[in-house]
Amino acid sequence: MNFEAVKAIYLAEMARTKRTIMQSIVSPVISTVLYFVVFGAAIGSRISEVDGVSYGAFIVPGLIMLSLMTQSLSNASFGIYFPQFTGTIFEVLSAPISFLEITIAYVGAAATKSILVGLIILITANFFVDIEIQHPFWMAAFFLLTAITFALLGFIIGIWADNFEKLQFVPLLIVTPLAFLGGSFYSISMLPEVWQKVTLINPVVYLISGFRWSFYGQADVSLWLSLFMTLLFLAVSLAIVHWIFKTGYKLKP
């Protein structure tokens, strides 16, 4: 393992975050706080509790996961797309560094940024509502697995995209709607029975459910099913990344 090469790429990506701190850190935190204030005030006035948890506290895990998923996607996709756009990716590919090390560096940097944003949101939420984390180990596990999984997905999107419109297509038109429909702001048990079954097709349901369970011990699906689906999503993403580097898809001129 060429740790120096991994470190160089990782630090370069993190340095870019410092140059764009308003866009990378401040903007997503403010947007999530606005979600919290608007949904907490508008819906919270009509729904005081969900499964014994105040509505304001109930939506915190969903908001954190929403931000974690979108930021991991955006950071990783732009991180690998921009070198392709400028042509500097070929310098990385010709360097004495393996595809695994390239992936670790870019995905690790993207996951680190999104985790930082998620932690800031978690700390900020404490100023609005009382938050209880009953299972901190599982909270950290789902937090880390989700960040890495969606960073890998963003890495794939960044390689696939050949323009900025495609770069934004999946985060804005697929992931964000799935997060909204995956129980970020409600429990799927509140839906009619037929829609509860339809909602289970949404993979984001399992991520949010497992993460919310780590806070309040309540979930829409079992912990082990949530964990299995998260690991499955991670395995599929890893397999696609391995195929991309093995075949040189969108990387070899």
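**Salt bridges and aromatic contacts**

E13, R16 and K113 are linked in a network of salt bridges. The model is predicted: local features require pLDDT of at least 70 and side-chain atom pairs pLDDT 80 or more, while totals for chains, interfaces and linings use all residues. Residues are numbered from 1 along each chain as its sequence is written, and side-chain values rest on heavy atoms, without hydrogens or water.

Colleague: How many salt bridges does the whole structure contain?

Modeller: A salt bridge is counted when a side-chain nitrogen of Lys or Arg lies within 4 Å of a carboxyl oxygen of Asp or Glu. A search of the whole structure on this basis gives a total of 4.

Colleague: How far apart are the closest N and O atoms of R16 and E13?

Modeller: R16 and E13 are 3 residues apart in helix α1 (residues 3-19), and therefore about one helical turn separates them. Helices are DSSP runs of H or I with at least four residues, numbered from the N terminus. Both R16 and E13 are buried, that is, under 20% relative accessible area, where exposed means over 50% and partly exposed lies in between (1.4 Å probe, protein chains only). The closest N and O atoms of this salt bridge are separated by 2.7 Å.

Colleague: Which helix holds K113, the partner of E13?

Modeller: The side chains of E13 and K113 form a salt bridge at 3.8 Å, N to O. This pair links distant parts of the chain, 100 residues apart, with E13 in helix α1 and K113 in helix α5 (residues 99-125). Both residues are buried. The helix that holds K113 is α5.

Colleague: Is D162 buried or partly exposed?

Modeller: D162 forms a salt bridge with K166, with 3.4 Å between the closest N and O atoms. K166 has 29% relative accessibility and so counts as partly exposed. D162, at 48% relative accessibility, is likewise classed as partly exposed.

Colleague: At what angle do the ring planes of W138 and F142 lie?

Modeller: Rings of Phe, Tyr and Trp (its six-membered ring) pair when their centres lie within 6.5 Å; planes under 30 degrees apart are stacked, over 60 edge-to-face, and the rest tilted. The structure holds 14 aromatic pairs. W138 and F142 have ring centres 6.5 Å apart and count as tilted, because their planes lie at 45°.

Colleague: How far is R212 from the ring centre of F58?

Modeller: A charge sits over a ring if NZ of Lys or CZ of Arg is within 6 Å of the ring centre and within 35 degrees of the ring normal. R212 lies over the face of F58, and its distance from the ring centre is 3.9 Å.

Colleague: Which helix gives the most residues to the nonpolar patch?

Modeller: Patches comprise residues with over 30% relative accessible area and no salt bridge; like charges are joined within 9 Å, and nonpolar side chains (Val, Leu, Ile, Met, Phe, Trp, Tyr) within 5 Å. W160, F169, L172, L173, I174, W243 and Y249 form the nonpolar surface patch, with about 680 Å² of accessible area together, by the Shrake-Rupley method with a 1.4 Å probe, only the protein chains shown counting as cover for residues. L172 is exposed because its relative accessible area is 53%. With 4 residues, the helix that gives the most is α7 (residues 164-180).

Terms used: Helices (H or I, at least four residues) and strands (E, at least two) are DSSP runs, numbered from the N terminus.
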